[in-house]
Amino acid sequence: MWTCYNIYVLAAFGTIGGGLFGFDISSMSAWIGTDTYMNYFNHPNDSLQGGITASMSAGSWLGALVAGFLSDILGRKKALMIASIVWIIGSIVCCSAQNVGHLIAGRVINGFCVGITSSQTPVYLAELAPKNIRGRVVGIQQWAIEWGILIMFFISYGCSFINSPSAFRLAWGLQAVPAAVLFGALFFFPESPRWLASKDRWDETLEVLAQLHAGGNVNDPAVQAEYEEIREVQAITTQSAEVSWMGLFGPDMWRRTTVGLFAQIWQQMLGGNVMMYYIVYVFQMAGLTGNINLVSSSIQYVIFLLTTVVTLAMIDKIGRRPLFVYGGIAMGTLNFAVAGLMANYGHSMDSVAGNKNIVWQVTGPPAKAIIACTYLFVAVYGFTWAPCTWIYVSEIFPLKYRAKGVGLATSANWAFNFALAYFVPPAFKNIQWRAYLIFGVFCFCGVIHSYFMFPETCGKTLEEVDALFENGVLAWKSKTVGSRLDDRIHEIEAKGESKVVEKAC
């Protein structure tokens, strides 16, 4: 069977798994303010709506934990294929939802798929990509999430003109299409060379590396250098103890495990995904209702998309640490600005536009300022923490722990995603603008943690990132540690030249 080895084509189709996450976000955020949805599901209150939204995150948490085992045993490719089938089943269940319980069941099933794809797609792409473009390639995962959000939002917007439950059923049913495309495409993908190495399938490892990086030339110095590096690391790995969950918190692993966990936790606690799920609520508080609200919300998704593509072009030049530090500072400032505007210019209401989950409203120029701050926040989030977290977590774990480590870190993301999705509607109702103060504080917590604990991974092979942690390099000094792969390539080239000279003599 023909196999595709173009890394950008692999990334474009592989990250459809990220697009499924985006589809799920918009499939809920676009409907929670519509009469069709509210009437059919009997006007869910703030707690129930939080539970409906959070049910996907609950499934994703479980999926992320299981993903590591699936990926290690069956391979990265087959794990993603299983996830695609699960998504199709979940979409059918959502499409046929007769009541809230039925809908929650479908969202939990969909979430299980997203837990697998969100943790293992970055692992798969990180293990395929060369070091000099790894950030860009893995970052396409976040871009795909944003495309999924935008596409599904406009599908839902179009369906909203249908005045019956067929509106949301059609939108939720169409979610199955990209999963079917992903399932079909995976038949033509190569397996991860590093997973093949972990199974001692060395001929296949070399072949895949050669096809990916040198057009099939197994004697290319760059291919040989990376192959030797993988063999050296795998030789050490086979001498160590069996991989277990507790091993992730052992003496040699606890630092990178906590870094991976908190990178994902901070990504949630900054407030970014709250904007994605409940942007309709935010704009209702700012006085926008009906189709004007939906169109204004879609502008946010376009901004998100555009800022992330800028990051993809630059991240392998500017690195990961600056995005974490300066992005957190900017978002914290914007959260405090929104809180100040709401506190000083807002007033309480019994409901807004008939939505009893919203009891605070701001009008006039301050409302426009809140919308502007929201757009700026999304721009910064899309430029920094949103794509950078997925990239970073896929880079910091060694081969034997990578699938389980990224799965565990991603499960933390989904655990906090669940908590926030459930917490935000009651928060908007009970503490209103103070919710933004909480997110602002967490932004600066993320800044401090990333500055002191997150070493720079840009420009280094995955095996060299291992060495950063093993050698205890201080995070703020890690940028000065260069890559050894280029030196290894030059050594192999020099050996080849010397052999040619010997033959000539």
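Predicted model: local features only at pLDDT ≥ 70, side-chain atom pairs only at ≥ 80, totals over all residues.
Reader: What makes H13 roughly parallel to H19?

Author: Helix H13 (residues 254–269) and helix H19 (residues 399–430) pack at an angle of about 25°, with their axes 8 Å apart. Angles under 35 degrees count as roughly parallel, and H13 is therefore roughly parallel to H19. The crossing of these two helices, H13 and H19, is right-handed.

Reader: Which residues make the contact of H13 with H19, and how do they divide by class?

Author: On the H13 side the contact is made by Thr 257, Gly 260, Leu 261, Gln 264, Ile 265, Gln 267, Gln 268 and Met 269. H19 contributes Leu 408, Ala 409, Thr 410, Ala 412, Asn 413, Phe 416, Asn 417 and Leu 420. Gly counts as polar, and the contact of H13 with H19 divides into eight nonpolar, eight polar and no charged residues.

Reader: Which residues make the contact of H6 with H19, and from which helix does each come?

Author: H6 supplies Val 114, Gly 115, Ser 118, Ser 119, Gln 120, Val 123 and Glu 127. From H19 come Leu 399, Arg 402, Ala 403, Val 406, Gly 407, Thr 410 and Trp 414. The residues of this contact of H6 with H19 divide into six nonpolar, six polar and two charged. Glu and Arg count as charged, and Glu 127 of H6 and Arg 402 of H19 are among the contact residues.

Reader: What is the handedness of the crossing of H2 and H7, and at what angle do they pack?

Author: The crossing of H2 and H7 is right-handed. Helix H2 (residues 16–29) and helix H7 (residues 134–159) pack at an angle of about 35°, with their axes 6 Å apart. Among the residues that meet are Gly 18, Gly 19, Phe 21 and Gly 22 in H2, and Ala 144, Ile 145, Gly 148 and Ile 149 in H7. The contact of H2 with H7 divides into 10 nonpolar, nine polar and no charged residues.

Reader: What is the volume of the largest pocket, and which residues are closest to its centre?

Author: The largest pocket has a volume of about 580 Å³. Its lining comprises 23 residues, of which Ile 236, Arg 256, Pro 398, Asp 466 and Glu 470 are the closest to the centre. Two or more lining residues come from each of helix H12 (221–238), H13, H19 and helix H21 (462–470). By class, the lining of the largest pocket has nine nonpolar, four polar and 10 charged residues.

Reader: How many cavities of 30 Å³ or more does a search of the whole structure find, and what lines the second largest cavity?

Author: The search finds two cavities of 30 Å³ or more. The second largest cavity has a volume of about 40 Å³, and its lining consists of Arg 194, Ile 230, Val 233, Gln 234, Leu 399, Arg 402, Glu 463 and Asp 466. H12 gives the most to this lining, with three residues, while H12, H19 and H21 each supply at least two.

Reader: How do you know that the lining of the second largest cavity has four charged residues?

Author: Asp, Glu, Lys and Arg count as charged. Arg 194, Arg 402, Glu 463 and Asp 466 are in the lining of the second largest cavity, which therefore has four charged residues, along with three nonpolar and one polar.

Technical notes
Residues numbered from 1 in each chain as written. Heavy atoms only, no water. Axes fitted to C-alpha atoms, helices over the stretch in contact; angles between N-to-C directions. Helix = DSSP H or I, 4+ residues; strand = E, 2+ residues; numbered from the N terminus. Parallel < 35°, antiparallel > 145°, perpendicular 65-115°, else oblique. Left-handed = near helix turned anticlockwise from the far one by under 90°. Contact = heavy atoms within 4.5 Å. 1 Å grid on protein atoms, 1.4 Å probe; cavity = no way out; pocket = protein on both sides within 12 Å on 5 of 7 lines; lining within 4 Å. Points joined across faces, edges and corners; volume = space filled by probe spheres on them.
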